[in-house]
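Please read this briefing alongside the sequence and the 3D view.

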Amino acid sequence: MQQEQTTYKGTNRLIIGIVFGVLTFWLFAQSMVNIVPAIQSDIGISSDLLNIAISLTALFSGIFIVVAGGLADKFGRMKLTYIGLVLSILGSLLIVLAHGATLLIIGRVIQGLSAACIMPATLSLMKTYFDSKDRQRALSYWSIGSWGGSGFCSFVGGAIATYMGWRWIFIISIIIALLGMLLIKGTPESKVAQTGSKGRFDTWGLVTFVIAMVCLNLVITRGSTFGWTSPTTIIMILVFLISAFFFFRIELRQTNGFIEFSLFKNKAYTGATISNFLLNAAAGTLVVANTYVQVGRGFTAFQSGLLTLGYVVCVLAMIRVGEKLLQKIGARKPMIFGSLITAIGIALMAMTFLPNLIYLIFVFIGYAFFGLGLGIYATPSTDTAVSNSPEDKVGVASGIYKMASSLGGSFGVAISATVYGVIAASGNIEVAAMVGLLTNVAFCVLSLLAVIFMTPQTKKAVQTVQTNE
């Protein structure tokens, strides 16, 4: 396979359209982390089912994002972006119409499939239609949509839920998706020219991966309800282990696998992907902190959203700073600083033993550090992954990188919410929130270690990678 040649150069309109597409997931779909009490009181869904609904979007995004990345390379990145935006509209519409768990969960699954299409396809478009510093600038704005959107989700979601009703979050998401489709209209198609024989799709690799991930997610989110030593939980753990074993066995024995393990021969790509997974797992911070200040400190969704303003401002401001640091000193140091600062911010929020006013100050400052760290980390990490991907596999490579984001976020939210829920059930909400938040500190520390030990020391912001084919 070879990359199709094009003389088209990316425009600001294309960047804005892509950012709107990314926002449909990272801003609107992720706003559910701040409206848990509002949804529960409105449609009467249990906390267990709501935790599943929250994590399902990121889970299904993570499961299918690599498949979508490969389809984008083969059939067209613009085509997959359009499909993703249509799915986003459909998923949001189902959630707007939901009056029980069924439509809510189906809508969340469709939103996950939407993100699976949009993320790798738009990253590939950034690499195809932008070069050098222009690409780094485009990726910065892509990161603003992604990391900045995750920052805005608490504030925007809380404000809309408090003053307009939580369903309006998803109505506005539909409008943004339509605007994104309008802005990217006219962009030429981008795909890999097909040569030679076509390999069979890795169906069994995908099936075993889906089974393993769903079982693991159910164990994390429903284990306390089923009972950690109940037959149901034990069976799901066994199914997960067996499926994971067969998945790795299948993938390592073929060249046309669901996961391109050959990509991980590049140490820089591997370090960026693993640290990205772990730092995204810290998304559980938003669920625990927002739920705690609403349930434990009596805040409204809008008031808890106001506490995240420092996060929003810092993540947006620092993304471009991260881009400049990347160009000046390379990716490794900004990724290290970003992981460390994020951990410090979450640690400040974990001090739930402090009295009201002092604690709220610590939370506000903690959110600011949280955004500061993520903003510094975002562009260097994304550029490291994209620039270290072979030209004919950039869709798949981007898919794996974003799979790390989505699965990290899904399992981080599920683990944090479970830790918080299990301890809170004993009546000690302060300890529950502290332990839940410290869990996210641990994710940041592991991300830091992944960067230190796996990301090469280099001052080159862009590395040329040759395909092994």
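Predicted model: local features only at pLDDT ≥ 70, side-chain atom pairs only at ≥ 80, totals over all residues.

Pro-355 is placed in the loop between helix H14 (332-349) and H15, and its C-alpha atom lies 23 Å from that of Pro-37, a residue 318 positions away in sequence.

**Two buried positions**

- Ile-376 belongs to helix H15 and, with a relative accessibility of 7%, counts as buried because buried means under 20%.
- Beyond its neighbours within four places in sequence, Ile-376 is in contact with Met-318, Gly-322 and Leu-325, and also with Pro-334, Gly-338 and Ile-341.
- Between the C-alpha atoms of Ile-376 and Lys-333 there is a separation of 9.7 Å, although the two residues are 43 apart along the chain.
- Gly-223 is found in helix H8 (residues 203-226), and its relative accessible area of 0% makes it buried, since the cut-off for that class is under 20%.
- When residues up to four places away in sequence are not counted, Gly-223 touches Leu-218, Trp-228 and Thr-233.
- Gly-223 and Asp-48 are 175 residues apart along the chain, yet their C-alpha atoms are separated by 9.8 Å.

**Packing of H15 against H13**

- Helix H15 (residues 356-387) packs with helix H13 (residues 309-329) at an angle of about 30°, and their axes are 7 Å apart.
- Because angles under 35 degrees count as roughly parallel, H13 is roughly parallel to H15.
- The crossing of H13 and H15 is right-handed, and their contact comprises 17 nonpolar, five polar and two charged residues.

- The axes of H10 and H15 cross at roughly 145° and come within 9 Å, in a crossing that is left-handed.
- On the H10 side this contact is made by Ala-268, Tyr-269, Ala-272, Ser-275, Asn-276 and Leu-279, while H15 contributes Leu-374, Tyr-377, Ser-381, Thr-384 and Ala-385.
- Sorted by class, the residues of the contact of H10 with H15 are seven nonpolar and four polar, with no charged residue.
- Helix H10 (residues 267-281) also packs with helix H17 (residues 429-454), at an angle of about 170° and with the axes 7 Å apart.
- H10 is therefore roughly antiparallel to H17, as angles over 145 degrees are assigned to that class.
- The H10 residues that meet H17 include Lys-267, Thr-270, Gly-271, Ile-274 and Leu-278, and among their counterparts in H17 are Asn-440, Phe-443, Cys-444, Leu-446 and Met-454.
- In the contact of H10 with H17, twelve residues are nonpolar, five are polar and one is charged.
- Which H10 residues take part in both contacts can be read from the two sets: Ala-268, Ser-275 and Leu-279 are among those that meet H15, and Ala-268, Ser-275 and Leu-279 are likewise among those that meet H17.

**The nonpolar core**

- The largest nonpolar core has 123 residues, and those with the most contacts inside it are Ile-39, Leu-104, Tyr-367 and Phe-370.
- Apart from residues up to four places away in sequence, Leu-104 touches Met-32, Ile-39, Ile-43, Ile-45, Leu-50, Ala-53, Ile-95 and Ala-98.

Conventions
Residues numbered from 1 in each chain as written. Heavy atoms only, no water. Axes fitted to C-alpha atoms, helices over the stretch in contact; angles between N-to-C directions. Helix = DSSP H or I, 4+ residues; strand = E, 2+ residues; numbered from the N terminus. Parallel < 35°, antiparallel > 145°, perpendicular 65-115°, else oblique. Left-handed = near helix turned anticlockwise from the far one by under 90°. Nonpolar A, V, L, I, M, F, W, Y, C, P; charged D, E, K, R; others polar. Contact = heavy atoms within 4.5 Å. Core = buried A, V, L, I, M, F, W, Y, C linked by side-chain atoms within 4.5 Å. Buried < 20%, exposed > 50% of the residue type's maximum accessible area, 1.4 Å probe, protein only.
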